[in-house]
Amino acid sequence: CCLSSPMTIRAIESFHMVLPRCKLVAALFIVLALVCGSEDDAHSTCSRELHDIHESELNDIDVQCLLQADVHVHSPLTRVTAGDASGLHRSAGKHSSQAPTWAWIYVAACFAIGPVSMLLASAFVSAGTKQSRGKGQDSAGQNRVAYFDLWRILCVAVMVVSHAGEEFDDYVEYNMLGGQQWVLPCIMLISGTCYVKSSLPPAHYMSRLLAYFSFGNFLNWVAAVITGTHWWTDITTRGVTFQMFFVLGLGGSVLVTTPLKNMLKSDNERPSGLSVQSCIYGCVFCCFFVFYWFGDLTSSGSAFQMMRVLAESAFTLMLATLALDFVPPQQQDLAGWVLLVWIYATRTLRAEPRPGHEIHLHDLFVFAAFVQANPLRGSKPLGTLLAQSWPVLLVLGTFMLHPGLKQRLDLEPPSSIRGRLRHYAVEALCVVAFTTIPTAGPERTIQLPDCVRRSMSWVTNWALFAYCSHYAIYRLLLGRTWNGGEATNTGVCIVFGALLPFYALEHFQTSRHTSAPEASAAKVPA
């Protein structure tokens, strides 16, 4: 009865949407783990051949290497015998058993939140609800989807490379090609636009993100256990979660923006007065504002800044819903410009370091969701102008960067208004260009070649694999002592080399689907 229940059937259908993308990811990861595990065993066997190291030589040797090597240490004050070193080695080999209870609870919650959310989402969706897909898309719609896929892949590639050690992270620290101003903002713009365009129920959309969150956490944890890393010491950063926190932030943006999406999807052709959504966002804004203005908070503390940026973000949502409540439909295309000015004015007039950067990305998610349903006024001629004058804009934006400055200005903005204006002007230009250029149409913009457009599906699957597994691959290659400092060229080559299996799988599936109709047609008698 349980297996044949509608809830179970819908849950299986939900898992079927996510698991096919994870099968090849898990297979590639297991192969790499076996290879790296055999290398670690060989290294451990060779290290036991070391013996009788004098105390004067200890300064040049890592303590963890001594424990793994099981060596004799001679010192006039202390003497570590072979039995002591063996005991230390055995205790170092049982890292996971030393993890505190709260760490196991944390990883269990991270692993379970994805599957559990998919089960719960299936319980709130009727059996007849299916994901609707447009069958008659025009060429402009197809180009726009390929446009998003291309930029999503580029942004993921930059993030994957930047996490491969300080040598690669310097490209982001020095803001090469203005990556601080367009990588994460473009990801949020794409995510906000796709969320509003999606016909999936919000519960299913959220559960898919949480499924990827659980899968990425699992890969990071497995890599930490294989290498003997103390994964519980920095469990939320370099230990387990790390890059998957961005996916969790996307889920939070989806959850908070759902009331606004319901208004954008409604069929009301004229303003209907104050809505429930505006009241909810208004109450949230008032609560944060009261805590900020009248709360007993230190003006220089992080809690004081948190209340301020949360109040500003709630006001952004309230502005969007109020525009839908009271502004006539023919004037709502101006509301997007108002939102954009508000978002960047608050960031320019006051420096908002972390977590202000994360809240700023959420505001861009809200902006993208709003302008997807209500395009900016003049977006088509402006998009045409930006698309045709991109060399001038590229040179202008390059000269507005801070040359030779090694600093994450997106995380720690400049202290002066002039410096912040210089930084956020480039980002605002990228946001406007990214939003308006697709509305110009394929005949006025640079069209993607057909071969590139056809490859977007499997390269997008590779991007999902690369984002979920790249940190685990780096951990397997560099071992337990890696804290993000040492660079790994091999890891980058492995991640990008995984494009070949994804291409082979896509080619195999395409050839199988094309050969099946030919075989059936050959069996039909003349």
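Mentor: A residue is buried when its relative accessible area is under 20%, exposed when that area is over 50%, and partly exposed in between. The structure above is a predicted model. By that cut-off, buried residues make up 44% of the 526 residues in the protein.

Trainee: How do you know which parts of the protein score below 50 in pLDDT, and what is the average?

Mentor: The average pLDDT is 79, and 74% of the residues score at least 70. Residues 1–9 are one stretch below 50, with seven contacts in the model beyond near neighbours in sequence. Residues 37–93 are also below 50, and that stretch has 48 such contacts. Where pLDDT is low, the predicted coordinates should not be read in detail.

Trainee: Why is Ser253 called buried?

Mentor: Its relative accessibility is 4%, and the cut-off is under 20%, so Ser253 counts as buried. Ser253 sits in helix H10. Beyond its neighbours within four places in sequence, Ser253 is in contact with Met188, His362 and Phe365.

Trainee: What makes Asn217 buried, and what does its side chain join?

Mentor: Asn217 has 0% relative accessibility, which is under 20%, so it is buried. It belongs to helix H8, residues 202–227. Its side chain and that of Thr241 are joined at 2.9 Å, and the limit for a polar contact is 3.5 Å, so the pair qualifies. Thr241 is also among the residues in contact with Asn217 when neighbours within four places are left aside; the others are Cys110, Phe111, Val240 and Met244.

Trainee: What span does helix H11 reach, and what is expected of it?

Mentor: H11 covers residues 276–294, which is 19 residues, and reaches 26 Å from its first C-alpha to its last.

Trainee: Which residues of H11 are buried, and why are they said to line one face?

Mentor: Gln277, Ser278, Tyr281, Gly282, Phe285 and Tyr292 are the buried residues of H11. Their directions fall within an arc of 120° when seen down the helix axis, so they line one face of H11. They pack against helix H10 (245–265) and helix H12 (302–326). Val276, Cys283, Phe291 and Phe294 are exposed, on the face turned away from the buried side.

Trainee: What makes the phi of Asn175 and of Phe242 worth a remark?

Mentor: Most residues other than glycine have a negative phi. Asn175 is not a glycine, yet its phi is positive, about 60°. Phe242 is not a glycine either, and its phi is positive at about 45°. Asn175 is in the loop between helix H6 (166–173) and helix H7 (179–197), and Phe242 is in the loop between helix H9 (235–239) and H10.

Trainee: How do you know whether Asn175 and Phe242 are buried or exposed?

Mentor: Asn175 has a relative accessible area of 9%, under 20%, so it is buried. Phe242 has 18%, also under 20%, so it is buried too.

Trainee: Why is the peptide bond from Arg354 to Pro355 called cis?

Mentor: Its omega is near 10°, and the bond is listed as cis. Most peptide bonds are trans. Pro355 is in the loop between helix H13 (335–349) and H14.

Conventions: Residues numbered from 1 in each chain as written. Predicted model: local features only at pLDDT ≥ 70, side-chain atom pairs only at ≥ 80, totals over all residues. Heavy atoms only, no water. Helix = DSSP H or I, 4+ residues; strand = E, 2+ residues; numbered from the N terminus. Expected span 1.5 Å × (residues − 1). Buried < 20%, exposed > 50% of the residue type's maximum accessible area, 1.4 Å probe, protein only. Arc of directions from axis to C-beta. Contact = heavy atoms within 4.5 Å. pLDDT = per-residue confidence, 0-100. Polar contact = N/O pair within 3.5 Å; in protein donor to acceptor, adjacent residues only side chain to side chain.
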